[in-house]
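This report describes selected local features of one protein chain.

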Amino acid sequence: MKIVITGGSGFIGSTLTRSLLARGGEVAIVSRDVERGKRELGGLHSGTETARQALESGALRVISWDDLATGVDGADAVINLAGASIFGARWSESQKKRIVDSRLKAGEAVMEALGKAERKPAVLVQGSAVGYYGLGREPVDESTPPGEGFLADTARQWEDSTKDAEGMGVRRVIVRTGVVLGRDGGALEQFVRPFKFFAGGVIGSGKQWLSWVHMDDEVGAIEFLLDREDLSGPFNLCAPEPENMTDFVRTLGRVLKRPAWLSVPEFAIKAALGEMGEELILSGQRVLPKRLQESGYTFRFPTLRKALEDLLG
């Protein structure tokens, strides 16, 4: 397959790129700075030689946003993952605008490219997140309507940014991703760090739900949805057994053979991170991958213990 990826050098995108190349695909990554993009891809976390060889052979290319229409024309698939990180900087009004605008502008660019393409791709995979469902402790699946809050509003707008693709005859799949656990960065690195200093423990009440997914299943599910021509619409990309914060931390401690005895009170998180801490850390969603499982996808890492032992063992 010939695939164009926006956000291809990010945490998920870089792993997905390596996997698609390993399958014999040709991948074009969209970047604001082509030369910088090549440097970043040449040093992908692991599998560096494969990435470098792919760049040299032309199986892996970096194109500018201005050339997106040319890249999309004749491609088999487009995967739109581009968007500013929701982590890091505190959610000031300007930061929230940056988070939303980056997603909407990427969606608009993809739609413009699709409109110009004479040979349109067969499928568009549109990124999203489980934040779409808002905050709560009751189980939700793809039939659940959008919730409330900044994350829910952002996810809904992100999804809607490419909704007109279906009218162009392009199959559209929406991937609502949970907390991705992987090597070399991401959320797991933040969870593990305190345990290295014997300071691990529960954050907040411990009752908030964490809908997680192993990176291998995140990538595997996307590839599964790329291949299945009969599937479209939203799919939750998270493991079938979400965990509350207390159980997540205890399992992590057992795998690391470190105690989980400290706790970080809610007021400290709210004081330090404000709205971002409230939605990202102190609240959560109990999300089930109903449609993905009904479609026949088999999770490699359905349980947290198995996932953590693979990543940290």
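Leaving aside neighbours within four places in sequence, Thr-162 makes contact with Asn-80, Gly-107, Val-110, Met-111, Leu-124, Gln-126 and Arg-172. The model is a predicted one. Thr-162 is situated in the loop that runs between α6 (150-160) and β7 (171-177). Because its relative accessibility is 0%, and buried means under 20%, Thr-162 is classed as buried. From Ser-57, Thr-162 is separated by 105 residues in sequence and by 32 Å in space, C-alpha to C-alpha.

Another threonine, Thr-17, belongs to helix α1 (residues 11-22). Thr-17 counts as buried because its relative accessibility is 0%. With neighbours within four places in sequence set aside, the contacts of Thr-17 are Ile-5, Gly-8, Val-27, Ile-29 and Leu-60.

The table lists the relative accessibility of residues discussed in this report.

| Residue | Relative accessibility | Class |
|---|---|---|
| Thr-162 | 0% | buried |
| Thr-17 | 0% | buried |
| Pro-265 | 35% | partly exposed |
| Asp-184 | 48% | partly exposed |
| Lys-257 | 69% | exposed |

The next topic is a pair of helices. The axes of helix α7 (residues 186-196) and helix α9 (residues 245-256) come within 11 Å and cross at roughly 65°. The crossing of α7 past α9 is right-handed. On the α7 side, the contact is formed by Leu-188, Phe-191, Val-192 and Phe-195, while α9 supplies Met-245, Phe-248, Val-249, Leu-252, Gly-253 and Leu-256. Sorted by class, this contact between α7 and α9 comprises 9 nonpolar residues, 1 polar residue and no charged residues.

The largest share of the lining, 5 residues, is contributed by α7. By class, the lining of the second largest pocket holds 4 nonpolar, 2 polar and 5 charged residues.

Asp-184 has a positive phi of about 60° although it is not a glycine. Its relative accessible area is 48%, so Asp-184 is partly exposed.

Lys-257 likewise has a positive phi, of about 60°, without being a glycine. Lys-257 lies in the loop between α9 and β14 (260-264). Lys-257 is classed as exposed because its relative accessible area is 69% and exposed means over 50%.

Beyond β14, Pro-265 is found in the loop between β14 and α10 (266-273). Pro-265 has 35% relative accessibility and therefore counts as partly exposed. Pro-265 and Val-202 lie 63 residues apart in sequence and 8.6 Å apart in space, C-alpha to C-alpha.

Technical notes. Residues numbered from 1 in each chain as written. Predicted model: local features only at pLDDT ≥ 70, side-chain atom pairs only at ≥ 80, totals over all residues. Heavy atoms only, no water. Axes fitted to C-alpha atoms, helices over the stretch in contact; angles between N-to-C directions. Helix = DSSP H or I, 4+ residues; strand = E, 2+ residues; numbered from the N terminus. Left-handed = near helix turned anticlockwise from the far one by under 90°. Contact = heavy atoms within 4.5 Å. Nonpolar A, V, L, I, M, F, W, Y, C, P; charged D, E, K, R; others polar. Buried < 20%, exposed > 50% of the residue type's maximum accessible area, 1.4 Å probe, protein only.
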